[in-house]
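Welcome! Let's walk through this structure together, one question at a time.

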Amino acid sequence: RCQAPSVKGISTIVGQEQPVSTQEKQVLEDLEMPLARRPTETLFQEQPKTGNQYLEDTLLRSYLKTHLPPKILEEVHQDLERFGNRLLTKIQPLGWECELNPPVFRQFDAWGQRVDRIDTCSAWRRMKEISAEEGLIAEAYERRYSNWSRLYQAVKLYLFSTSSGGFSCPLAMTDGAAKVIESLGIPGFLKSAFDRLTSRDPKKFWTSGQWMTERRGGSDVANGTETVARRQPDGTYRLYGFKWFTSAADSDMTLTLARIADAEGQCPQGSRGLSLFFLRVRDEEGKLNNIQVQRLKDKLGTRQMATAELWLQGARAELISAEGRGTASISNMLNITRIHNVIAAVASMRRMISLSREYARRRVAFGKLLKDHPLHVQTIARMEVQWRGAFLLLMEVVRLLGLAETNLASEQDQLLLRLLIPVAKLYTGKQATAVAVEAMESFGGQGYMEDTGVPVILRDTLVLSIWEGTTNILSLDVLRSLAKSQGQVMAVFLSTVQKKLELALGTAGLAPALQRVRDAAGSLSQFLEKAGSEPAVTMELAARDFSYSLARIYTGALLMEHAARPGASSADTCAALRWCNQELCPVAVESGSGSYRAGAALQDSALVYGDSAMGYGD
């Protein structure tokens, strides 16, 4: 028997008669009454309402109870319950206000003077204050809970994300900037900036931008960066160039890449020519630092946040990396922002499923509530399985990061973290999009209405497979981690999966899933052994399927580990079984069907561009 999670005290078991609440009885009775006699207009669909996000999230609470030391758990539980209430009563309304009042760019004042002012609403500015008050960045750097501090920060960000009105995005870049500065040893000239980025004082707290993308766009910063840095007599630099996509353009500071010009004005090319710079966006009087705003981007989603095109016209900056080591220096930032991307993906799935589940308890169709239609509940259950897997993968990544940041990580932990960050980012981005679309459909036409707030979540979710590296870019990054470790990382991956499976040995009901994960891990090993003797293009063609296989296999092991713990619920077991019923190693299946064989790339080109791509035709 597969029992679904409890919702506000109503235990639902698929396929059985369900207890009906007083509220649900009222809905059904109202439908029986003539229109004139109805106390409420049930022709209008009732809004789904959720409560305290933390208290309603049984998976989150069970994870924390399982992993956190008792004293830390006690403190964290109290704070998260308080935070959940604040989110419900104060922060969610501010988030909606941010959506309704996006930033406005004012290039000139009433007298024709150029001002290049980006005006944000009061709710957006309040979100910045709340972020400081709640320690949403500070928590990770104060380390009052040692290696659990990073995980605790991630949990708060996860709860905050879908209520933040888009403010979780500048927080990602702020966290990334703080991490870069910390990794550099917090040099004296950056101490003030670091203290502000990690402050709990709203009056001192800074946010940071991340200005990497230029006119050529994309992830290829090595060949796309044209910004020039010219050294000044006082040791600072002046930056000249065009930044094509600058998120959180209203931030206080930013980190950016540029090429240092020599005495003849020549700049080294490629990644070795890039250096990393710190700059304040405005001076003490609030004037832009020799920066001109060309325009705000007209984006599909994340409209609450100002994203701009900027000209740097001698912006004063300070070199913070070794010369020519800019790309290496931003690796820490990318790891953090990619983890934030995973947090946003998991949070959006949780929010959409919660709304869909609550709506099913209120909406009547064909004479009964949606929750009493087995097919409808099955659809939500499938989304629930995806979210549960993604949540545990997120927790695993931040757990490993916490160990690394407190010097408690083994070499194996660090190798695994390096692999899992791009894997988690690329896979959860795809999961979130699929869940958001499916959840929107569960509302019928009402899900397509702007004022329900559902389309906002969908739009904001779509960026998650693009920002900080697309699926293909990150899949190639996964291959780089394999090559860099000379295969060590795969040995660690497979041994870690095996250890987690051993924890599930003897657990009632998990045997089929355990065997499927073992078989998938074996197929993955066989694929790698075979691919080692194939041309390089074989692994490139397989990169995406290979990354998906890593995600599915590891997540399956995590779900079984969670289901095998003392006190696990039947829903935990059900989620593990259902996850493992999918194809866990698609790279082996596709390899067997010839998708990566010699000539496959040419066939792909022919399908996309026609037979002329293969040299056929006239």
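Q: How far apart are the end C-alpha atoms of residues 324–482?
A: In this predicted model, the span 324–482 is 75% helix and 3% strand, where helices (H or I, at least four residues) and strands (E, at least two) are DSSP runs, numbered from the N terminus. UniProt, in an unreviewed entry, annotates residues 324–482 as "domain: Acyl-CoA dehydrogenase/oxidase C-terminal"; UniProt positions are in the numbering used here, feature names are shortened, and annotations may be inferred rather than shown by experiment. The end C-alpha atoms of this span lie 25 Å apart.

A quick note on the ground rules: residues are numbered from 1 along each chain as its sequence is written. As the model is predicted, local features need pLDDT of at least 70 and side-chain atom pairs count only at pLDDT 80 or more, while totals for chains, interfaces and linings use all residues, and side-chain values use heavy atoms, with hydrogens and water left out.

Q: What percentage of residues 488–609 is helix?
A: The UniProt record, an unreviewed entry, lists residues 488–609 as "domain: Acyl-CoA dehydrogenase 11-like C-terminal". The end C-alpha atoms of that span are 39 Å apart.

Q: Which annotation does UniProt list for residues 51–182?
A: Over residues 51–182 the chain is 68% helix and 8% strand. The end C-alpha atoms there are 37 Å apart. The name in the unreviewed UniProt entry is "domain: Adaptive response protein AidB N-terminal".

Q: At what angle do the axes of helix H7 and helix H13 cross?
A: H7 covers residues 149–161 and H13 covers residues 374–405. Axes are lines fitted to C-alpha atoms, for helices over the stretch in contact, and angles run from 0 to 180 degrees between N-to-C directions. The two axes come within 8 Å and cross at roughly 145°.

Q: How many residues of the contact of H7 with H13 are nonpolar?
A: Contact means heavy atoms within 4.5 Å, and the residues involved include Leu151 and Tyr158 of H7 and Trp387 and Phe391 of H13. Ala, Val, Leu, Ile, Met, Phe, Trp, Tyr, Cys and Pro count as nonpolar, Asp, Glu, Lys and Arg as charged, and the others, Gly among them, as polar. The contact has 3 charged residues, 1 polar and 9 nonpolar.

Q: Is the pair of Tyr359 and Phe443 stacked, edge-to-face or tilted?
A: A search of the whole structure finds 15 aromatic pairs, meaning rings of Phe, Tyr and Trp (its six-membered ring) with centres within 6.5 Å; planes under 30 degrees apart count as stacked, over 60 as edge-to-face and the rest as tilted. Tyr359 sits in helix H12 and Phe443 in the loop between helix H14 and helix H15, 84 residues apart. Their ring centres are 4.7 Å apart and their planes are at 35°, so the pair is tilted.

Q: Which residue in E5 is the bridge partner of Val228?
A: Two strands pair if DSSP finds at least two bridges between them. Strand E4 (residues 228–231) and strand E5 (residues 237–247) pair in the antiparallel sense over 4 bridges. The hairpin of E4 and E5 has 5 residues between the strands, and Gly235 takes a positive phi near 95°. Val228's partner is Tyr240.

Q: How many bridges join E5 and strand E9?
A: E9 covers residues 308–319 and pairs with E5 in the antiparallel sense. Thr246 stands opposite Ala308 in E9. The number of bridges is 8.
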